[in-house]
Amino acid sequence: MKKICVFCSSSDRIKSSFFKAATELGEMIAQKNWSLIYGGTDMGLMGALARAVHSKGGYVTGVIPAFLKEKNIAYNKADELLITESMRERKKIMEEKADAFIALPGGFGTLEEILEIITLKQLHLHNKPVVLLNIEDYYKDLLVFFENMYNKSFAKPDYRKLYVITSDAEKALSYIQNYRPLQLQSKWF
Ligand code: AMP
């Protein structure tokens with residue numbers, strides 16, 4: 001059973017098509033008999049995702065820092081709710097426990113989390129699959145910026161393979177299912 005870590009928005013203000021995408025992803029994770037590990041709140045896409053996993057009988061692990069839990073935003077129906085002292089400890093647990101990482105659309109929190117996972121892979125500190133689920137081309141400008149990094153030698157072009165980009169949840173999960181650890185060049189030129 002694979003444990004899929006999903007980073008995504010905590011906003012309740014975003015349009016419904018993003019909620020639909022989070023729900024579809026959650027249902028598909030459960031239908032594959034995989035489990036979800038995520039930030040542990042019931043807000044925004046995070047809540048929609050966790051509820052969708054449960055709606056199809058899946059298993060949900062939430063990892064939430066105590067200061068956020070105190071704000072009463074935890075998803076209390078999680079099968080497992082791990083309470084951490086800090087945001088950093090939360091990320092460490094998610095990174096260690098997960099077999100794969102997906103970023104749905106999100107804000108600073110989501111970006112920071114997925115970029116750390118890509119950074120660690122670049123340094124060969126893990127070799128797990130990473131997917132940017134680019135719903136409605138939300139990450140378009142970020143991907144243009146990534147090309148800027150490659151073109152100006154701030155990152156090796158080979159590192160385009162650190163992550164895959166798709167708007168299709170089915171394709172994302174099939175990439176994860178068939179993933180073989182990559183042979184990566186060293187980070188430095
Ligand atoms: P954001 O994309 O800024 O909405 O942040 C959501 C992501 O960052 C999630 O994947 C969480 O793990 C983490 N996070 C940051 N802030 C929050 C918050 N207020 N509530 C829940 N999770 C948060």
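**A loop histidine and the ligand shell**

Author: Let's start with H126, whose place is in the loop between helix 5 and strand 6 (130-133). Helices (H or I, at least four residues) and strands (E, at least two) are DSSP runs, numbered from the N terminus. This is a predicted model, in which local features need pLDDT of at least 70 and side-chain atom pairs count only at pLDDT 80 or more, while totals for chains, interfaces and linings use all residues. Residues are numbered from 1 along each chain as its sequence is written, and side-chain values use heavy atoms, with hydrogens and water left out.

H126 counts as buried because its relative accessibility is 9% (under 20%, with a 1.4 Å probe and protein chains only). A polar atom of the H126 side chain lies 2.9 Å from the backbone oxygen of I117, and a polar atom of that side chain also lies 3.0 Å from the backbone nitrogen of K128.

Helix 5 (108-122) also leads us to the ligand: with four residues, helix 5 gives the most to the shell around it. Helix 4 (87-97) and helix 5 each supply at least two residues of this shell. Seventeen would be a lot to tour, so here are the nearest of the 17 residues around the ligand: S10, G107, G109, T110 and E113 (a heavy atom within 4 Å makes a residue near).

Of the 480 Å² of accessible area that the ligand has on its own, the protein covers 83% (Shrake-Rupley method, 1.4 Å probe).

Methods. Buried means under 20% relative accessible area, exposed over 50%, partly exposed in between (1.4 Å probe, protein chains only). A polar contact is a pair of N or O atoms within 3.5 Å; within protein, one must be able to donate a hydrogen and the other to accept it, and residues adjacent in sequence count only if both atoms are side-chain atoms.
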